[in-house]
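Biologist: I would like to learn how to read a model like this one. Please take me through it feature by feature.

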Amino acid sequence: MADAPPAAKKLTKKELRILARQKAAAPLKPRFGGSNACVGGCDRAYADGDVRREAADPVAGAPPQRLQVVRGRRSRVSGSRSNASSARVLVSLRSLAVLHPELQGESFWVRGHLQSVRAKSKIAFLTLRAQTATIQAILLESAEVTKPMIKFAAGVPKESVVDVFVTLLVPESPVLSTTQTDVELSIHKLFVVSKALPELPFKVEDAARPDAVVKAEGSRYVCVGLDTRLNARPLDLRTPANQCIMRIQAAVGLLFREFLVKRDFVEIHTPKLVGGASESGANCFTLKYFDQDACLAQSPQSYKQMACAVAGLERVFEIGPVFRAENANTHRHMCEFVGLDLEMTIKEHYHEVLEVFSDLFIYIFDGLQERYSKELAIINEQHPFEPLKYKRPSLIVNYEEGVKMLTEAGATQGLEEDLSTENEKWLGRLVKAKYDTDFYILDKFPLAVRPFYTMPDSTDKRWSNSYDMMIRGEEIVSGAQRVHDANLLMERMDELGVPHESMRSYIDSFRLGALPHGGGGIGLERVVMLYLGLGNIRKASMFPRDPKRLFP
């Protein structure tokens, strides 16, 4: 006599509640334009060409199937059927971030990365992630959802991209493990759009864990090192904090452009292939330009000056790449970064430029707080930082006063010497203690430590009409009033040993008549690093380039 089949495993109370909610939602028909008979055996119509995907077939007893590849056939976004023989009606995808309880009982498609899956014989809990949003999705055995389908879902590698047809439910208690706490999804169909490798360089959950938790005494959590992250940067960028850091980087550029356009600045685009060094240094990447020697631009310095002061545009700005062949393996240097440059004419005094910079940074800082509070909060969860303090208008500290503050505090600092990195940070702490601000302008640098195109002080040649701007004790802007007289410019070049020949067109342009002018250059990634207290500029760059990193 054959053995009796084993007794069915009893469902837990939580599973029974979920089953009851799914049964209550069952009469609702999917609104995607196709019939249930299509499940597991139909491909979706996509507007982007070839896509290979797998599907879980909910038909009782049917194994998971690999669907055919739709090769080179494009469907219309309007919703018409694709030319592919197995295509169904093109449907829109709901964003995970906008799902809310008012959609209870509605059915639709969503797409996301499979962050995690926990499966038993009759139920599977999936966490889907899209950008910074996560949501719980549930597969519960039923006439529609078979055991093979649950088994299939359990075997999908983490970080794979999946499409799921779902019904939105409101849980009895908040789902604390996801950002969407007040809703969850009941899955009817599951498609794998892009399968990830079974073994990834690291788990996104590990890379997204708060710093304080990872570094806590006795912590057993995996610490994903910076080099490991950067070697697999596209995967690292999936963490919610990194998603938001990139949005803050974009926001700084947006606010920079927005403010300057309102102030009648003209956006320009200058060459990045130049003959000779952009500035006075030899730290440039050289290359052959057919039969000529050339280099990658260290800055748009000469071109923005000519556009502003000689061409007569008067107020210009540029957002573009800057290249520095500096073998500096520090927390704040990169060989390629994004420069936010501006140049403007001066009517009476170069402090007109400082006033624009002051208003600009106040606009940026205010804009980040007002428009990007959600992103800042998400970053703060993983990488805690103190809110930036700043004055209205911005604090201006004279260089002599700064040196005096340092020497009185016990630092070794010459009056006409440049600040070392250590003293720069020290002065930042002193300014914060005295004036309660993280952002300030350091004005009137010694002429000897500034580039050849810097205008000397008219009353004391030891000093210059130049300035730096600091966030949390580190420089983020260097600028000055520029020399607009060709003869004085050549004198300054001779003093610093800068050859004339490679910059002949720049010098000669000032013989055409040039307006008094000044400006400065901002390092975008450095602003983001210091504003967010990230501690390393590579965290503020999407794909950083330093002396040791050229890939990815």
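Predicted model: local features only at pLDDT ≥ 70, side-chain atom pairs only at ≥ 80, totals over all residues.

Biologist: How many bridges join strand 13 and strand 14, and in which sense do they pair?

Modeller: Strands of a sheet pair through backbone hydrogen bonds, either parallel or antiparallel. Here strand 13 and strand 14 (residues 292-296) pair in the antiparallel sense over four bridges. Two strands pair if DSSP finds at least two bridges between them. Strands (E, at least two residues) and helices (H or I, at least four) are DSSP runs, numbered from the N terminus.

Biologist: In what order do the strands of the open sheet lie?

Modeller: Three strands form the sheet, in the order 12-14-13, with antiparallel pairing. Strand 12 (273-274) and strand 13 (286-289) are the edge strands, each pairing on one side only.

Biologist: What does the protein chain hold in helices and strands?

Modeller: The protein chain has 15 helices and 21 strands. Of its 552 residues, 52% count as buried. Buried means under 20% relative accessible area, exposed over 50%, partly exposed in between (1.4 Å probe, protein chains only).

Biologist: Now helix packing. At roughly what angle do the axes of helix 7 and helix 9 cross?

Modeller: Two packed helices are described by the angle between their axes and the distance between the axes. The axes of helix 7 and helix 9 (residues 351-371) come within 9 Å and cross at roughly 135°. Therefore helix 7 is oblique to helix 9. Axes are lines fitted to C-alpha atoms, for helices over the stretch in contact, and angles run from 0 to 180 degrees between N-to-C directions. Angles under 35 degrees count as roughly parallel, over 145 as roughly antiparallel, 65 to 115 as roughly perpendicular and the rest as oblique.

Biologist: Which residues meet there?

Modeller: On helix 7 they include Leu255, Phe256 and Phe259; on helix 9, Leu360, Tyr363 and Ile364 are among them. Contact means heavy atoms within 4.5 Å. By class, this contact of helix 7 with helix 9 has twelve nonpolar, one polar and four charged residues. Ala, Val, Leu, Ile, Met, Phe, Trp, Tyr, Cys and Pro count as nonpolar, Asp, Glu, Lys and Arg as charged, and the others, Gly among them, as polar.

Biologist: How does helix 7 cross helix 15?

Modeller: The axes of helix 7 (residues 240-262) and helix 15 (residues 524-532) come within 10 Å, crossing at roughly 120°. So helix 7 is oblique to helix 15 too. Ile245 and Val252 in helix 7 are among the contact residues, as are Val528 and Leu532 in helix 15. Seven nonpolar, two polar and one charged residues make up the contact of helix 7 with helix 15.

Biologist: Which backbone angles deserve a look?

Modeller: Most residues other than glycine have a negative phi, and most peptide bonds are trans. Asp264 has a positive phi, near 70°. Asp264 sits in the loop between helix 7 and strand 11 (266-267). Lys444 also has a phi near 70°, in the loop between strand 18 (439-443) and strand 19 (466-471).

Biologist: Are Asp264 and Lys444 buried or exposed?

Modeller: Asp264 counts as exposed because its relative accessibility is 62%. Lys444, at 13%, counts as buried.

Biologist: And where is Pro393 found?

Modeller: Pro393 is in the loop between helix 10 (373-382) and strand 17 (395-398). The peptide bond from Arg392 to Pro393 is cis, with omega near -5°.

Definitions and conventions
Residues numbered from 1 in each chain as written. Heavy atoms only, no water.
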